[in-house]
Amino acid sequence: MYLLTFSAEDRLIQAGLGGNVTAGECAVLRDEITSILETLGSNVEIELDATRMTKAGPGVHESLEQMRFAFASFQARTYVYHEEEVAEVMSPNVRAILENEHEEIYQIALTG
């Protein structure tokens, strides 16, 4: 499943993928983004957020990476975010808050 939004004013397309994602869904998403790009023209920023994806079917990760190259013909800057990449740059405190395990952080802040 995915959610797709775009802003013509900001020249920004955002897609969030979540749950179980199949290669077929990626193909539909690619077609929808291509259609938007044909309307907006060049110099668009695209964010593909796959951090909420719980299961990626065969070929999904490859499809996401291939989209980067396909959209380059529109001079689009495409960013693909995977959970592993976000985890590498996120501090443990922020990760704990997002995972709803922040009670200890507040206790440390109050006593520290």
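Helices (H or I, at least four residues) and strands (E, at least two) are DSSP runs, numbered from the N terminus. On that basis the chain has five helices and four strands, in the sequence order β-β-α-β-α-β-α-α-α. This is a predicted model, in which local features need pLDDT of at least 70 and side-chain atom pairs count only at pLDDT 80 or more, while totals for chains, interfaces and linings use all residues. Residues are numbered from 1 along each chain as its sequence is written, and side-chain values use heavy atoms, with hydrogens and water left out.

**Confidence**

- The mean pLDDT (the predictor's confidence in each residue, from 0 to 100) of the chain is 78, and 72% of the residues reach 70 or more.
- The pLDDT is below 50 over residues 105-112, a stretch with three contacts in the model beyond near neighbours in sequence; contact means heavy atoms within 4.5 Å.
- Where pLDDT is low, the predicted coordinates should not be read in detail.

**Whole chain**

- Of the 112 residues, 26% count as buried; buried means under 20% relative accessible area, exposed over 50%, and partly exposed in between (1.4 Å probe, protein chains only).
- The accessible surface comes to about 7400 Å², with 53% of it belonging to carbon and sulfur atoms; accessible areas come from the Shrake-Rupley method with a 1.4 Å probe, and for residues only the protein chains shown count as cover.
- Of the contacts between residues at least 6 apart in sequence, 66% join residues at least 24 apart.

**Helix α1**

- Helix α1 (residues 23-40) has 18 residues and should span 26 Å at 1.5 Å a residue, which agrees with the 25 Å between its end C-alpha atoms; the expected span is 1.5 Å times one less than the number of residues.
- The buried residues of α1 are C26, L29, I33, I36, L37 and L40.
- They cover an arc of only 100 degrees around the axis, which puts them on the same side of α1; the arc is that of the directions from the helix axis to the C-beta atoms.
- An α-helix has 3.6 residues a turn, so residues three or four places apart point the same way.
- E38 and T39 are exposed on the other side of α1.
- The packing partners of the buried α1 residues are β1 (2-7), β2 (12-21), β3 (45-56) and α2 (60-72).

**Nonpolar core**

- A nonpolar core is a set of buried Ala, Val, Leu, Ile, Met, Phe, Trp, Tyr and Cys residues joined through side-chain atoms within 4.5 Å.
- In the largest such core, with 22 residues, I13, I33, L37, I46, L48 and L64 touch the most other members.
- β2, α1, β3 and α2 are the elements that give two or more residues to this core, and α1 supplies the largest share, six residues.
- Not counting residues up to four places away in sequence, the residues that I13 touches include L4, F6, I33, L37, V44 and I46.

**Loops**

- R11, in the loop between β1 and β2, has a positive phi near 55 degrees and is not a glycine; R11 is partly exposed, with a relative accessible area of 28%.
- Q75, in the loop between α2 and β4 (77-81), is also not a glycine and has a positive phi of about 55 degrees.
- P58 is in the loop between β3 and α2 and is exposed, with a relative accessible area of 79%.
- P58 and T22 are 36 residues apart in sequence, and their C-alpha atoms are 7.2 Å apart in space.
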